[in-house]
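Dear colleague,

Please find below the structure that I am handing over to you. My notes on it follow, and I would ask you to read them with the model open.

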Amino acid sequence: MPSKKPFAGSVLQQGEPGTETCTPAPEDHHRDVSEPPIRYRVDELLKGGREAVLIHREQAYRLRITSTGKLILTK
């Protein structure tokens with residue numbers, strides 16, 4: 001059975017690679033713009049890997065670390 005993890009206002013359901021789904025957060029989840037933004041450590045986000053797939057509005061984006069240590073986000 002896939003596990004569920006809280007993910008910045010939504011629930012990420014993990015299964016086999018490529019089958020992860022993200023349930024949108026309720027409409028009232030938005031933070032006050034006067035609050036500082038949520039911060040994530042890239043090494044924690046990638047869990048020791050070099051890339052991750054982020055889902056935004058049902059679109060997949062790939063975040064990866066290059067061989068020179070820079071971050072690249074591609075659709």
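Which residue in β6 does Arg 62 stand opposite? Arg 62 has Thr 74 of β6 across from it.

Before the details, a word on the basis of these notes. This is a predicted model, in which local features need pLDDT of at least 70 and side-chain atom pairs count only at pLDDT 80 or more, while totals for chains, interfaces and linings use all residues. Residues are numbered from 1 along each chain as its sequence is written, and side-chain values use heavy atoms, with hydrogens and water left out.

**Overall layout**

The protein contains one helix and six strands. Here helices (H or I, at least four residues) and strands (E, at least two) are DSSP runs, numbered from the N terminus. Along the sequence their pattern is β-β-β-α-β-β-β. Of the 75 residues, 9% count as buried, a term that means under 20% relative accessible area, with a 1.4 Å probe and protein chains only; over 50% is exposed, and partly exposed lies in between.

**The sheet**

An open sheet is formed by three strands in the order β4-β5-β6, with antiparallel pairing. Two strands pair if DSSP finds at least two bridges between them. Since β4 (51–56) and β6 (71–74) are at the edges and each has a single partner strand, one side of each is left without a neighbour in the sheet. From one strand to the next, the twist averages 25 degrees; axes are lines fitted to C-alpha atoms, for helices over the stretch in contact, and angles run from 0 to 180 degrees between N-to-C directions.

Six bridges join β4 to β5 (residues 59–65) in the antiparallel sense. Ala 52 has Leu 63 in β5 as its bridge partner. Between β5 and β6, four bridges make the antiparallel pairing.

β5 and β6 form a hairpin with five residues between them. In its turn, Gly 69 has a positive phi of about 90 degrees. Thr 66 also lies in the loop between β5 and β6. Is Thr 66 buried or exposed? Thr 66 is buried, because its relative accessible area is 11%.

The side chain of Thr 66 makes a polar contact of 3.0 Å with that of Thr 68. Such a contact is a pair of N or O atoms within 3.5 Å; within protein, one must be able to donate a hydrogen and the other to accept it, and residues adjacent in sequence count only if both atoms are side-chain atoms. Apart from neighbours within four places in sequence, Thr 66 is in contact (heavy atoms within 4.5 Å) with Arg 50 and Ile 72.

Yours sincerely
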